[in-house]
Amino acid sequence: MPRRKRERTVPAAEQGKLVVLMEDHLLWMQTQNFSEETVTSRRSTIGYFLEWCQERGIGDPIEITRPVLERYQRSLYQY
């Protein structure tokens, strides 16, 4: 049986620039008539990435570099 994905949320007190950018992106998706299922899925997958960043002290978009993205990809592969 496939595992269910659980939605990740960051507490309001910890919302930083990355979360604000995610919310802006999701709002843009809604205004562009993406399906609600797509927006929900995107919220979940971006949420996993934001949680991964938070665990590593990455909170500012400028800190997300190619090596950071490659580390995230490796962590997904190992997971």
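View 1. E55 is exposed, with a relative accessible area of 56% (buried means under 20% relative accessible area, exposed over 50%, and partly exposed in between, with a 1.4 Å probe and protein chains only). R56 is partly exposed at 38%. The side chains of E55 and R56 form a salt bridge with an N to O distance of 3.3 Å; the term denotes a side-chain nitrogen of Lys or Arg within 4 Å of a carboxyl oxygen of Asp or Glu. The model is predicted: local features require pLDDT of at least 70 and side-chain atom pairs pLDDT 80 or more, while totals for chains, interfaces and linings use all residues. Residues are numbered from 1 along each chain as its sequence is written, and side-chain values use heavy atoms, without hydrogens and water.

**View 2. The salt bridge of E23 and R43.** The closest N and O atoms of E23 and R43 are 2.7 Å apart. Because E23 belongs to helix α1 (residues 17–31) and R43 to helix α2 (residues 36–55), this pair ties together parts that are 20 residues apart in sequence. Helices are DSSP runs of H or I with at least four residues, numbered from the N terminus. Both residues are partly exposed: E23 has a relative accessibility of 33%, and R43 one of 23%.

**View 3. The salt bridge of R66 and E70.** An N to O distance of 3.2 Å joins the side chains of R66 and E70 in a salt bridge. Both residues lie in helix α3 (residues 66–78), 4 residues apart, which is about one turn of the helix. R66 is exposed at 66% relative accessible area, whereas E70 is partly exposed at 33%. The structure has a count of 4 salt bridges by the stated rule.

Notes: Helix = DSSP H or I, 4+ residues; strand = E, 2+ residues; numbered from the N terminus.
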